[in-house]
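Subject: Structure for you to look at

Hi,

Here is the structure I promised to pass on. Please open it next to this email, and my notes follow below.

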Amino acid sequence: MVNIPMDHGITIGATNGLKDIESTINAVTRGGADSVLTQKGLANRVHSNKNGKGYVIHLNASTTMGPDANDKRMTGTVREAIRAGADAVSMHLNIGSNHEPQQLEDLASVTETAHEYGMPVLAMTYARGPDVDERDAENLAHAVRIAEEMGADIAKTAYSGDAETYELVSDAVGIPVIMAGGDPQTDRQMLRNVRGAMDAGAAGVSMGRSVFQHDDPEAMARGVSTIVHDDTTVPNAMDLAGLSE
């Protein structure tokens with residue numbers, strides 16, 4: 001699974017790649033992305049530009065202007081996502097934060113409703129909070145295990161930094177684990193991360209800013225997709241996508 005989350009307009013505003021989101025969605029889905037993700041209000045800008053690919057609606061959010069970016073609050077419901085034509089819903093949880101208890105309750109409610117309608121749930125479970133090591137494999141494994149325990153169908157979490165430790169994460173659950181892109185790095189390093197996650201047993205990736213903010217979102221999506229779907233090496237993916245960094 002190659003998912004391109006583009007719900008960042010709430011978090012950081014209408015940054016590059018999100019102002020003309022129609023063009024970006026068209027580009028990344030042409031490049032091989034299997035799905036895109038936004039908040040519910042952008043649904044009418046998504047459907048005609050996603051080239052028949054999947055659509056995930058995200059159900060909670062926070063902003064960088066608010067008092068605590070870890071305090072993700074509900075912004076939508078499963079029923080709203082169904083009416084908006086979504087194929088799945090997603091939620092963000094910060095495991096280890098002061099807001100973890102409420103976010104666990106929110107995910108429990110979402111999975112209950114979603115499964116009544118046969119709607120898949122992607123849980124973005126991060127190890128994130130005071131004195132929490134966000135890249136520690138044991139913390140990440142705990143985070144994805146919570147996603148499965150709560151009834152999510154797919155778990156997304158950060159990359160631990162190498163394939164050996166990330167295998168502990170993917171082995172912690174019986175549901176698919178997909179790697180979060182995190183802060184953008186060079187194209188080559190991002191593809192190395194993708195390769196490492198796949199070698200560790202991940203089922204794919206969910207990469208936002210490193211794709212939609214790229215000078216050529218279609219090329220970056222193609223490079224990622226080539227590794228995830230065609231099991232290519234990083235150099236081959238760079239060549240096939242026309243990437244040079």
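Asp-71 is buried, at 18% relative accessible area. Arg-73 is exposed, with a relative accessible area of 53%. Keep in mind that the model is predicted.

**Salt bridges**

The structure holds ten salt bridges. Which residues are linked in a network of them? They are Arg-30, Glu-218 and Arg-222.

Take Glu-218 and Arg-30 to begin with. Their closest N and O atoms are 2.6 Å apart. Glu-218 sits in helix α10 (residues 217-230) and Arg-30 in helix α2 (residues 21-30), so the bridge ties together parts that are 188 residues apart in sequence. Glu-218 is buried, at 17% relative accessible area. Arg-30 is partly exposed, at 43%.

Then there is Arg-222. Its side chain meets Glu-218 in a salt bridge of 2.9 Å, N to O. Arg-222 and Glu-218 both lie in helix α10. They are four residues apart, which is about one turn of the helix. Arg-222 is partly exposed, with 27% relative accessible area.

**A negative patch**

Four residues form a negative surface patch: Asp-162, Glu-164, Glu-167 and Asp-171. Asp-162 lies in the loop between β8 (154-157) and α7 (163-170). Is Asp-162 buried or partly exposed? Asp-162 is partly exposed, at 32% relative accessible area. Patch residues must be over 30%, so Asp-162 passes that cut-off.

**A buried asparagine**

Asn-3 is in strand β1 (residues 2-5). Its relative accessibility is 0%, so it counts as buried. What does Asn-3 contact, leaving aside its neighbours within four places in sequence? The list is Ser-35, Val-36, Leu-37, Val-56, Leu-122, Val-205, Ser-206 and Met-207.

**A proline in a loop**

Pro-120 lies in the loop between α5 (100-116) and β7 (121-127). Pro-120 counts as partly exposed, at 33% relative accessibility. Not counting residues up to four places away in sequence, Pro-120 touches Asp-87, Ala-88, Val-89 and Asp-153. Ile-95 is 25 residues from Pro-120 in sequence. In space the two are 21 Å apart, C-alpha to C-alpha.

**Positive phi values**

Two aspartates are worth a look here. Asp-131 has a positive phi, near 60°, and is not a glycine. Asp-131 is found in the loop between β7 and α6 (137-149). At 86% relative accessibility, Asp-131 counts as exposed.

Asp-231 also has a positive phi, of about 60°, although it is not a glycine. Asp-231 is in the loop between α10 and α11 (234-241). Asp-231 is exposed too, with a relative accessible area of 55%.

Best wishes

Technical notes
Residues are numbered from 1 along each chain as its sequence is written. This is a predicted model: local features need pLDDT of at least 70, side-chain atom pairs count only at pLDDT 80 or more; totals for chains, interfaces and linings use all residues. Side-chain values use heavy atoms; hydrogens and water are left out. Patches are made of residues with over 30% relative accessible area and no salt bridge: like charges are joined within 9 Å, nonpolar side chains (Val, Leu, Ile, Met, Phe, Trp, Tyr) within 5 Å. Accessible areas come from the Shrake-Rupley method with a 1.4 Å probe; for residues, only the protein chains shown count as cover. Lys and Arg count as positive and Asp and Glu as negative; His and the chain ends are not counted. The place of a charge is taken as NZ of Lys, CZ of Arg, CG of Asp or CD of Glu. Buried means under 20% relative accessible area, exposed over 50%, partly exposed in between (1.4 Å probe, protein chains only). Contact means heavy atoms within 4.5 Å.
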